[in-house]
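These notebook entries record what I looked up in one structure. I set them down in the order in which I consulted the model.

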Amino acid sequence: MSFCCGASMVGTKGTLKHYRTQVHNVPLLFCPVCHRVEVHYKVENEYEILAEYAHGDGVTDVDFQDYVMEDETAIFENVINVESEDPLAVVRNQIDMALDLLAVAKQIEDTKWERELKKRLAVMSQRRLRLQQKA
């Protein structure tokens, strides 16, 4: 499980640009608060190798799934949420987890972590309101 802004990141697949090469269907983790994106650690080495070789060969587009046969279920087994889930359910789960962690942060008197969690809660609460208004 990867953390950012005080709580867990969401698993997804996406496209990353490596110089002039687009690598599609890369397993990623992203933070729903600050929008930081990183290659999932289970395939980070494979991504770097594929991206370097594709760039070296002058390829402009490459599909990660065509070269790396890692099972998607195994990659995302330790992720709390996956982007393909209902967006409102993801936000609610993120809020619940942040509230639980906030109680821990208060208990151990970690004020920096408390601030990060409160910021995360404010952002996720706004996102929840927007999603509820759409429904």
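Entry 1. Salt bridges.

With which side chain does Glu38 meet in a salt bridge? I worked from a predicted model, and there I found the side chain of Glu38 paired with that of Arg36, at 2.5 Å from N to O. Glu38 is partly exposed, with a relative accessible area of 25%. Arg36 is also listed as partly exposed, at 36% relative accessibility.

I asked next how many salt bridges the protein has by this rule. The count comes to two. The other entry I noted joins the side chains of Lys42 and Glu77, with 3.2 Å from N to O. This pair links distant parts of the chain, its residues being 35 apart. Lys42 sits in the loop between β5 (37–39) and α1 (44–56), and Glu77 in the loop between α3 (72–75) and β7 (81–82). Lys42 is partly exposed at 28% relative accessibility, whereas Glu77 reaches 60% and is exposed. As background I noted that side chains of opposite charge can pair when their charged atoms come close.

For the charges as a whole, I recorded 16 positive and 22 negative ones, and their mean positions are 12 Å apart.

Entry 2. Overall fold.

In sequence order the pattern reads β-β-β-β-β-α-β-α-α-β-α-α. The C-alpha atoms fill a box of roughly 55 × 35 × 25 Å along the principal axes.

What share of the 135 residues counts as buried? I found 40%. The protein exposes about 8100 Å², and carbon and sulfur atoms supply 50% of that area. I also checked contacts between residues at least 6 apart in sequence, and 60% of them join residues at least 24 apart.

Entry 3. Domains.

I consulted the domain assignment, which gives domain 1 as 3–82 and domain 2 as 87–133. The C-alpha centres of the two domains lie 25 Å apart. To the contact, domain 1 contributes 13 residues and domain 2 contributes 12 residues.

Entry 4. Arg127.

Is Arg127 buried or exposed? Arg127 counts as buried because its relative accessibility is 19%, and the cut-off for buried is under 20%. I located Arg127 in helix α5, residues 111–134. Setting aside neighbours within four places in sequence, I found Arg127 in contact with Pro32, Val33, His35 and Val91.

Entry 5. Positive phi angles.

I looked for backbone angles of note, given that most residues other than glycine have a negative phi. Asn25, which is not a glycine, has a positive phi of about 60°. Asn25 lies in strand β4, residues 21–30, and is partly exposed at 26% relative accessibility.

Where does His35 lie? I placed His35 in the loop between β4 and β5. His35 also has a positive phi, near 70°. With a relative accessible area of 52%, His35 is exposed, and I noted again that His35 is one of the residues in contact with Arg127.

Methods: Residues are numbered from 1 along each chain as its sequence is written. This is a predicted model: local features need pLDDT of at least 70, side-chain atom pairs count only at pLDDT 80 or more; totals for chains, interfaces and linings use all residues. Side-chain values use heavy atoms; hydrogens and water are left out. Helices (H or I, at least four residues) and strands (E, at least two) are DSSP runs, numbered from the N terminus. Buried means under 20% relative accessible area, exposed over 50%, partly exposed in between (1.4 Å probe, protein chains only). Contact means heavy atoms within 4.5 Å. Accessible areas come from the Shrake-Rupley method with a 1.4 Å probe; for residues, only the protein chains shown count as cover. Lys and Arg count as positive and Asp and Glu as negative; His and the chain ends are not counted. The place of a charge is taken as NZ of Lys, CZ of Arg, CG of Asp or CD of Glu. A salt bridge is a side-chain nitrogen of Lys or Arg within 4 Å of a carboxyl oxygen of Asp or Glu. Domain bounds come from an automatic or database domain assignment.
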